[in-house]
Amino acid sequence: TLAELDEAKWRIQRCRVQIWQESMSGPLPIYFRCPSSELPLQHDTLVRHLQSLAPMVRWEECREMHFICRSEHIASMDPSLRPALQQIYGCQPWMMEGLEQVWYMEVTLSQICGFPSDTSFPTISTAKVVCCDPAAASDGSLLRIYSIFPNLKQLHLHMRPNLLPPMCLSNFVALADFRISFDLAPGTPLGDGVEGSFFMAANLLNLPFSCEGGMFQHLQRLQMNLFLRGGLEPFARALRSQAPSLKRLGTTSLQLLRLLEVHTDSFKLEEVVVVMEIEDSLSLFNMLLPLSIAGNRCSLKRLGLHMQAPDGLLPPHEEVEGFLCSGFLSLTDCLAENSFIHFTQSHAQLVETVFFQLPYVAPEHFSADLAACGSEGPQSTPLERPLRLMEALPSLRPSGTLISGQLRPSMAELASQQPQRHDLHAVLPEGMQMKLMHVIDSLGNWKEEMGFRS
């Protein structure tokens, strides 16, 4: 009813928080302090706290709740709430009794190695394992993960960079859905050596005595920050030769994407998440130009572009802006059928640029997440989730203060919350064809002034 819609809008405005829409971002974390006098935590107490923290939700009408809890806090929950626990951070075997719904666990490798030999958690399908000891690969500790979690489908290794080289020489084989993140301690020796460790590991992966069949033989999704300077060429060669089933890759740079040879028939990825600056747009267009010239399409169904920009961002010239829009529209003809380009950002000013208007004027080709990425940055989509095209919500449409051309929405359009569909070809000078080759030639005339990198 209209009354319910008005109430929903009021709840959203009262909250004043813009939630990150990204499908791979997981649940929204909500934290509150429960007084010791109200322990053990009961359902009514929980609902009362949630109503004050997130008023846009009618918590009293929620039929089902799922909980994430640290192992030391399980005893603080009312027994009636414990069956709804689904994710646990830190655990001991005796705590798992009666918790059949738990599917995620975060533990350290030392905890896993300390479990009795017959310990098994068959309900766990996703795990994050924190590894601090470089000897974990050589002594077989990593293989213990698979015996403790026999039905594991997604593994996240959070480790020190110096564990990478010995892991590449071990018999460890990554799962189909695999993620690596690094534990960095700035100012100490433990935080150094990411570049060096990655460079060494990337070269070791291509040696004939690396793990039998290759560490990536079952890999379908790899989530790892790959915008490093060294080791990208041997690592790209390892992915091409040792990961024949790889479908989703993040988060990478244009340099690695170029090394993966996106324009060739051997490229089979359906999703790539790339971190780039506005000045890298010309480089991206040049990379996919061979596909445009040949009239072919690559396998990408979702191209995630995480845009970055320096401080003091200025609106580009109207003509440059038109060429950029034309170029990104032409890119959709180089991707797979029914594909789309998804924009994210970590700089508030970028929301006001023309890139974040494209989902409103051409929603079948573009989507965007207007909220800043979380602390972990943009990520590829887990295998169990579809590649979703995010809806461009009219109520959240940016005003476009950094737009010089025709795609800047009028005040009337913003007030009506009805996006006006544009022919993106019309943003170029009259008579200019919208082929990617022409876009590249035109942007080349602005290369020095705009700082474009080719």
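Predicted model: local features only at pLDDT ≥ 70, side-chain atom pairs only at ≥ 80, totals over all residues.

Visitor: Okay, how many aromatic pairs does the structure hold?

Guide: There are 14 of them. Take Phe343 and Phe356: their ring centres sit 6.1 Å apart with the planes at 50 degrees, so that pair counts as tilted.

Visitor: Where do those two lie?

Guide: Phe343 is in strand S11, residues 340–345, while Phe356 is in the loop between S11 and helix H11 (358–361). They're 13 residues apart in sequence, so the pair ties those parts together.

Visitor: And are Phe343 and Phe356 buried or exposed?

Guide: Phe343 is buried, and Phe356 is too.

Visitor: What about Phe343 and Phe366, how are their rings arranged?

Guide: Those centres are also 6.1 Å apart, but the planes are at 20 degrees, and anything under 30 degrees counts as stacked. So Phe343 and Phe366 make a stacked pair. Phe366 belongs to strand S12 (residues 366–368) and Phe343 to S11, so this pair ties together parts 23 residues apart in sequence. Both of these residues are buried.

Visitor: Which residues do the ring pairs link into a cluster?

Guide: The cluster is made of Phe285, Phe328, Phe343, Phe355, Phe356 and Phe366.

Visitor: Switching to the nonpolar core: which residues have the most contacts inside the largest one?

Guide: Phe149, Phe328 and Phe343 do, in a core of 127 residues.

Visitor: Tell me about H10, then. How many of its residues are buried?

Guide: 12 of its 14 are, so H10 is largely enclosed by the rest of the structure. Among those buried are Glu321, Gly327 and Ser330. H10 covers residues 318–331 and reaches 20 Å from its first C-alpha to its last, close to the 20 Å expected.

Visitor: New topic! Why does Arg248 count as buried?

Guide: Because its relative accessibility is 6%, and buried means under 20%. Arg248 is found in strand S8, residues 248–252.

Visitor: What does the side chain of Arg248 reach?

Guide: It gets to the backbone oxygen of Thr381, at 3.1 Å. Leaving out neighbours within four places in sequence, Arg248 is in contact with residues including Gln220, Glu270, Glu271, Ser380, Thr381 and Arg385.

Terms used
Residues numbered from 1 in each chain as written. Heavy atoms only, no water. Phe/Tyr/Trp six-rings, centres within 6.5 Å; stacked < 30°, edge-to-face > 60°. Helix = DSSP H or I, 4+ residues; strand = E, 2+ residues; numbered from the N terminus. Buried < 20%, exposed > 50% of the residue type's maximum accessible area, 1.4 Å probe, protein only. Core = buried A, V, L, I, M, F, W, Y, C linked by side-chain atoms within 4.5 Å. Polar contact = N/O pair within 3.5 Å; in protein donor to acceptor, adjacent residues only side chain to side chain. Contact = heavy atoms within 4.5 Å. Expected span 1.5 Å × (residues − 1).
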